Amino acid sequence: MNIRTRLTLLFVLLVALIMLLFTGSVYYFYDQFRQQEFQQRLEERAFTTIQLREDVGEIPRTDLSFMIDEQITIYNDQGLVLYSKGTQRPRFPVSPGLLRRITTRQPQYLRQGDIEAVGVRSQNSRGQSFVIFVSANDRYGFSKLDRLRDLLVVGWLLSLIIAGIAGYLFATDALRPVAELIAQVNSISATNIHERLRVGRQRDELAALARTFNALLSRLEVAFVTQKSFVSHASHELRTPLTVMMGQIEVTRLQPRTTPDYEAALDGLLDEVQNMIRLVNGLLELAQANADAVMLRYQPVRIDELLWQAQSQMTQKKPSYQIDIDFENLPDQEEDLVIMGEESLLQTALQNLLENGCKYSTDEQVSVRIAFEPGEIHLTISDHGQGIPPGDIQHIFEPFFRSENVLTIRGHGIGLALTRRIIDLHQGRIEVESALNKGTTFRISLPTQTNAALRQSALHLTNETHSDNSLDIH
C-alpha cells in the first residue's frame, strides 16, 4: 500500500470517527430532549386531570384531549383505583413501594417499548393524597427521531464519500513535492552530478530532505571529482617512472654492455623502483587519511615525544638535515602536552613538514617552535628555502600539486595534502606564510586532550541541531 492510499484511508477513518461521534451525540441529545418534552406533557396531563376532577367531580371520558394510546389511572394511598381512562388493565404494575417513592417533588418516569408513563402525586383541598399515572405513545416524537436518525446515517455516509475524495486530493497535493523530488533525484547521474534539487519555501520537512540530498550530492561530487583527479594524477605519476624504466631497459638491450654499464643501468632502475615505492606508500597513506575518522583509533599522545621521534627519524634518513626544536613556553601540567590522536598519522604529518622544509632549503635546516595556551598546542615550522609563489599558496594542499619553482626537486605533491587531511582529522588548523627566496612558515594548532573532547561533544550537538531544522520545498 503506497503512502497516498494510506493517507487517504487514515483521513477517511478519522473523519468517519469524528462524524460518527457527532451524529451519535446529536441523536442522543435529541432523544433526551424528546423524552423530557413528552414527560412534561404527561405531567401536565396528570395535573390537568386531577384539577378537573377536583373542580367538577367525575370527569366524562370525552372532556379531555386524547393522546395516542393514552391511559390515565388515579390511585389513593392504599393503591385502590379511583379513576381510570383508557384500557381497563394498567400497563405498568403499581406496587405500594412505587407509590411511596412518588412525592410531590419527585415524579417517577417509566417506559416499556414505545409506551412512556409518568406518576405524580397531588393533594386536594381536603388534604387527601392521590397518585396519577398517565401513559401514552409519543408517536410523533418517535417519528421525528426516526427521521433524524435516517438523515444522520445518510449524512454520515455522504460525508465519508466526500472525505474520501477530499482525502485523495489532499494526499495527492501533499505528496506532489515528494514525486517531484523523486523525479529530480532519478535524473541525476555521474554525467550531471553537479545539478541540485530545487528547494522552495524552506519551511517544511520536505525542504529539509531536499537540502539533505543536496548536501549529500555535494559530498558525492567532491568525492567523485577528487577520485577522478586522484586516479588521473596517480596514473600519470606511476606512468612516469615506468616509462623511464622501460626506456633504460630498451637502451641497455640495444647492444652488449660491460659489467659497469649493466650495474649503472640496474642502479637507475633501482632508483626508479624506490621512487615508485615512495609514491605508492604516499598514496596508501593518503587513502588511509581520507578514510572515515570513526575507523581511526585515537589515543593520548605527547606532542613533544612525536617531534623528537620525527626529528630522530629524519636525521637518520638524511644526516645532513638539521632540525632545531625550541619550547617557547612550558605548560604548568604535563597533561597540556597530551593530545588525542592517531600516532602513526601524526608522525607522518610532522615528518612531511620537516622533510619539505629541509628538502626545499639550501641549508637543509628547519626550526620548530612549540607554544602552549589553555586548551591548544601551537607548532611553528620555518625554513629559509625558495618559498612559494603567492598564486600557488591556495593550491599547495591539493593532491599532486607542485609549484613550478620546485619541479626540479624530486617529489609527488602528496605530502602537504596528506598533512592537511591528518590535521583536519585531529580537529586542528594549519596555516602557511611564504615569501619567495626568504622561506616558508607552517603554523599548526591542535587541541589538547580535554579540549578535543569538548569540541567533539559540541560538534555532535551542532550536527543534531542542524538535522532538526525545518525547510520547505515546492
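Helices are DSSP runs of H or I, at least four residues, numbered from the N terminus.

**View 1. The whole chain, a predicted model.** The protein chain has 9 helices and 12 strands. Of its 474 residues, 38% are buried. Contacts between residues at least 6 apart in sequence were also sorted: 65% of them join residues at least 24 apart. The accessible surface comes to about 28700 Å², and carbon and sulfur atoms hold 57% of that.

View 2. Arg34 is buried, at 2% relative accessibility. Asp31 is buried too, at 16%.

**View 3. A network of salt bridges includes Asp31 and Arg34.** Arg41, Glu116 and Asp138 are also linked in this network. The structure holds 14 salt bridges.

**View 4. Asp146 pairs with Arg149 in helix α3.** Their side chains meet in a salt bridge of 3.6 Å, N to O. Helix α3 covers residues 139-187. Asp146 is partly exposed, at 33% relative accessible area. Arg149 is partly exposed as well, at 36%.

**View 5. A salt bridge joins Glu376 and Arg429.** The closest N and O atoms are 3.0 Å apart. This pair links distant parts of the chain, 53 residues apart. Glu376 belongs to strand β10 (residues 376-383), Arg429 to strand β11 (residues 429-435). Glu376 is buried, at 8% relative accessible area, whereas Arg429 is partly exposed, at 39%.

Note on methods
Residues numbered from 1 in each chain as written. Predicted model: local features only at pLDDT ≥ 70, side-chain atom pairs only at ≥ 80, totals over all residues. Heavy atoms only, no water. Helix = DSSP H or I, 4+ residues; strand = E, 2+ residues; numbered from the N terminus. Buried < 20%, exposed > 50% of the residue type's maximum accessible area, 1.4 Å probe, protein only. Contact = heavy atoms within 4.5 Å. Areas by Shrake-Rupley, 256 points an atom, 1.4 Å probe, with all protein chains shown as cover. Salt bridge = Lys/Arg side-chain N within 4 Å of Asp/Glu carboxyl O.
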